[in-house]
Amino acid sequence: MHLYIHVPFCARRCSYCDFAIAVRREVPSAAYADALRREWDEWRDSPEWSGFAALATLYLGGGTPSRLDPDVLARLLARITGDRPLAAGAEVTLEANPEDVTPDRARTWHGAGINRVSLGVQSFDPGVLAWMHRTHTADQPARAVEVLRRAGIERISLDLIYALPPEVPRDWDRDLAQALALAPVHLSLYGLTVEQHTPLGRWVHRDEVHPVADDAYAADFLAAHERLTAAGFRHYEVSNYAQPGHEAVHNSAYWTRSPYLGLGPSAHSGLRDRRWWNVREYSGWVEAIGQGVSTIAGEETLDREALELERLYLGLRTDTGLSASLVPEAPRVTWVREGWATIQAGQLRLTPEGWLRLDALVAQAAGARG
């Protein structure tokens, strides 16, 4: 099984962020860990999960997990892995902000079993970072990478955001060059989206900034593909690049529909044809645990049609693709002719130009299947 733990705490909400976070000056690490242990106890020996003997991956996402007290985090991981041991070579990931990475924290993380860190960089430009409401400086990512490596954590991933509004000056090629200079083994690149209930959403509503044009979005996406693949990275999923052998095992579990359990506010879980998700806000989640009631906010069972659509969407997200027979002939022929897909040995894979049209192509294929 794969385990995801959502740690909602942040020092500040980023201008684009619509995630389930809790802005706290002081992080209630002990109270959060106690609540999470209680939620884990409810699931650990349940009939649904008792058949899984080990954890294939463990992922701490957020929010900003690196803001947790490192000793509390270490005890929490020890408790969970004492109940359900890690499989040999299991990937254990912590999302971190650059300003949280100190020698003491990094050593504690490494000692607790964390062997991979996903560092939220987003940009190396001071002006862009200020506009994004990021809390780290432009030079802190490089220091964080050095500290992590000295502590023994070599598997480092960097997050960057592209497709910024035209009103925000940014040299995307320079950001890519600076990221590559840090020699990460993995990069995640996300196109900026405008969510209504965010500072960015309000700025767009007031006409202060404008969403990036489609052609500029495509130019950033394709420039990154060209630059990173030339540097030896495998573009193995729409938003993800890895040096060979360093693909994100946990994230790949989602795309291959492997069983995953989510703990913490807003966390999602999936097992066979079932999907369920937790209470979104931290206050509501911790209150439910305190009252001894379920933290589940909603659930669904996917029927055959929904499962096939999920399989289609997830398969087309990755560079392994899916069997060409799963896509009706008419859209399949069009995609290949337009350069949006290739077919080799019966396997259909989208090209980068196809990935730019992923949602539309999935809808087209689903419509053709009736």
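## Glu237 in strand β9

Glu237 is placed in strand β9, which covers residues 234–237. The structure described here is a predicted model. In this model Glu237 is buried, and its relative accessible area is 1%. A polar atom of the Glu237 side chain lies 2.8 Å from the backbone nitrogen of Ser239. When neighbours within four places in sequence are set aside, Glu237 is in contact with Trp255, Arg317, Thr318 and Trp355.

## The nonpolar cores

The largest nonpolar core comprises 78 residues, and Trp109, Leu189 and Trp335 have the most contacts inside it. Helix α1, formed by residues 29–44, gives the most to this core, with five residues. Apart from this core lies another, of 15 residues, which includes Cys10, Ile21, Met132 and Val209. In soluble globular proteins, nonpolar side chains tend to be buried together.

The surroundings of Trp109 can be listed in detail. Beyond its neighbours within four places in sequence, Trp109 is in contact with Ser66, Pro70, Leu73, Leu94, Ala96, Asp100, Val101, Ile114, Leu148 and Ile153.

Helix α2 consists of 14 residues, 70–83, and reaches 20 Å from its first C-alpha to its last, close to the 20 Å expected at 1.5 Å a residue.

The N-terminal end of α2 is capped by Asp69, which has a side-chain oxygen 2.9 Å from the backbone nitrogen of Asp71.

## The loop between β4 and α2

Leu68 has its place in the loop between β4 and α2. Leu68 is buried, with 3% relative accessible area. Neighbours within four places in sequence aside, Leu68 is in contact with Val7, Phe9, Val27, Ser29, Tyr32, Leu73 and Arg105. The C-alpha atoms of Leu68 and Cys10 are separated by 9.9 Å, and these two residues are 58 residues apart along the chain.

Gly63 also belongs to the loop between β4 and α2. Gly62 and Gly63 are joined by a cis peptide bond, with omega at about 20 degrees.

## Helix α10

Within helix α10, residues 282–291, the buried residues include Tyr282, Trp285, Ala288 and Ile289. They cover an arc of only 135 degrees around the axis, which puts them on the same side of α10. An α-helix has 3.6 residues a turn, so residues three or four places apart point the same way. On the other side of α10, the exposed residues are Gly290 and Gln291.

The buried residues of α10 pack against strands β2 (9–10), β3 (22–23) and β13 (274–278), and against helix α1.

Gln122 is not a glycine, yet its phi is positive, at about 70 degrees. This residue is found in strand β6, which covers residues 116–122. Gln122 counts as buried, at 8% relative accessibility.

Ala183 is not a glycine either, and has a positive phi of about 55 degrees. Its place is in the loop between α6 (172–181) and β8 (186–191). At 47% relative accessibility, Ala183 counts as partly exposed.

## A three-stranded open sheet

Three strands form an open sheet in the order β15-β17-β16, with antiparallel pairing. Strands β15 (322–323) and β16 (341–344) stand at the edges with a single partner strand each, so one side of each is left without a neighbour in the sheet. Strand β17, residues 347–350, pairs with β15 in the antiparallel sense over two bridges. Leu322 stands opposite Leu348 of β17.

How values were computed. Residues are numbered from 1 along each chain as its sequence is written. This is a predicted model: local features need pLDDT of at least 70, side-chain atom pairs count only at pLDDT 80 or more; totals for chains, interfaces and linings use all residues. Side-chain values use heavy atoms; hydrogens and water are left out. Two strands pair if DSSP finds at least two bridges between them. Helices (H or I, at least four residues) and strands (E, at least two) are DSSP runs, numbered from the N terminus. A nonpolar core is a set of buried Ala, Val, Leu, Ile, Met, Phe, Trp, Tyr and Cys residues joined through side-chain atoms within 4.5 Å. Buried means under 20% relative accessible area, exposed over 50%, partly exposed in between (1.4 Å probe, protein chains only). Contact means heavy atoms within 4.5 Å. The expected span of a helix is 1.5 Å times one less than its number of residues. A polar contact is a pair of N or O atoms within 3.5 Å; within protein, one must be able to donate a hydrogen and the other to accept it, and residues adjacent in sequence count only if both atoms are side-chain atoms. The arc is that of the directions from the helix axis to the C-beta atoms.
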